[in-house]
Amino acid sequence: MLPAYLKIHNQIKDEIDQGIWKIGQRLPSERDFADHFQVSRMTLRQAVSLLVEEGVLERKVGSGTYVASNRIQEKMRGTTSFTEIIKSQGKQPSTQLVSYMASKPNKKEQAYLELRPSETVIRMERVRFADDLPVVYEVAVVPKKFIAQVSQDEVTQHFFKTLTEAGYKIGKSKQTIYARLAQDVVTDYLGLEPGQAILGLTQVSYFEDGQPFEYVKSQYAGERFEFHLENN
């Protein structure tokens, strides 16, 4: 059986997801909120503190507790581009290109992308932003044969849109999520403190015919992004 504070934690989170509590909205006082859930103030405080640690809520000194306004949500179903996710949240996406180079695939990339050792891939390193706030550092690997006729800017700024316009049909993706502490290079790019938590994601994306076209390793600022798993 879940502890009482975790039940309240989950209920508050569900109510935020349902829009009962809006992004940026101030929550009731601790006393009123505890009465609302019919629990002690200590239990309510535990639930709220955990949500603050997760970045779902934020405390403002002298003002109260609010639904965090800087957390991006991705519902993990199908394959969706970062640009589409950010726009769906009413924010402006942008990209900082760190590196872009052609090379031969390593053994892991050969396996994930079903490539021969002699084939060429484009490896691009990017930082992705939402309203000028860095959200994710990623390294994406794409077989060059799919993007040989398009510009570097088209690939780095709106990759999925470029593929779609070229006639490719985007299909499913396979994703693995993990948690870890941010390394030095990631803290620099995402503006984090050393040792802060990040959400890691590895993803292989496929065309509708089952052919893999992208292998990407992403590291998200844990306090600014969350994944929602949905079953159809």
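Analyst: In this predicted model, helix α1 is followed by Gly 19, whose phi is positive, near 85°.

User: How do you know that the length of α1 agrees with that of a helix?

Analyst: Helix α1 runs over residues 4-17, which makes 14 residues. At 1.5 Å a residue they should span 20 Å, and the end C-alpha atoms are 20 Å apart, so the two values agree.

User: What makes the buried residues of α1 line one face of the helix?

Analyst: The buried residues of α1 are Ile 8, His 9, Ile 12, Glu 15 and Ile 16. Seen down the helix axis, these residues fall within an arc of 135°, and therefore they line one face of α1.

User: Why is Gln 38 called exposed?

Analyst: Gln 38 lies in the loop between α2 and α3. A residue counts as exposed when its relative accessible area is over 50%. The value for Gln 38 is 74%, so Gln 38 is exposed.

User: What makes the phi of Gln 38 worth a remark?

Analyst: Most residues other than glycine have a negative phi. Gln 38 is not a glycine, yet its phi is positive, about 55°. Glu 114 is another residue other than glycine with a positive phi, near 55°.

User: Why is Glu 138 called buried?

Analyst: Glu 138 lies in strand β6 (residues 133-143). Buried means under 20% relative accessible area, and Glu 138 has 6%, so it counts as buried.

User: How do you know that the side chain of Glu 138 makes polar contacts, and with which residues?

Analyst: A polar contact requires a pair of N or O atoms within 3.5 Å. The side chains of Glu 138 and Arg 126 are joined by a polar contact of 2.5 Å, and the side chain of Arg 128 makes one with that of Glu 138 at 3.0 Å.

User: Which other residues are in contact with Glu 138?

Analyst: Leaving aside neighbours within four places in sequence, the contacts of Glu 138 also include Met 124, Glu 125, Val 216, Lys 217 and Ser 218.

Definitions and conventions: Residues are numbered from 1 along each chain as its sequence is written. This is a predicted model: local features need pLDDT of at least 70, side-chain atom pairs count only at pLDDT 80 or more; totals for chains, interfaces and linings use all residues. Side-chain values use heavy atoms; hydrogens and water are left out. Helices (H or I, at least four residues) and strands (E, at least two) are DSSP runs, numbered from the N terminus. Buried means under 20% relative accessible area, exposed over 50%, partly exposed in between (1.4 Å probe, protein chains only). A polar contact is a pair of N or O atoms within 3.5 Å; within protein, one must be able to donate a hydrogen and the other to accept it, and residues adjacent in sequence count only if both atoms are side-chain atoms. Contact means heavy atoms within 4.5 Å. The expected span of a helix is 1.5 Å times one less than its number of residues. The arc is that of the directions from the helix axis to the C-beta atoms.
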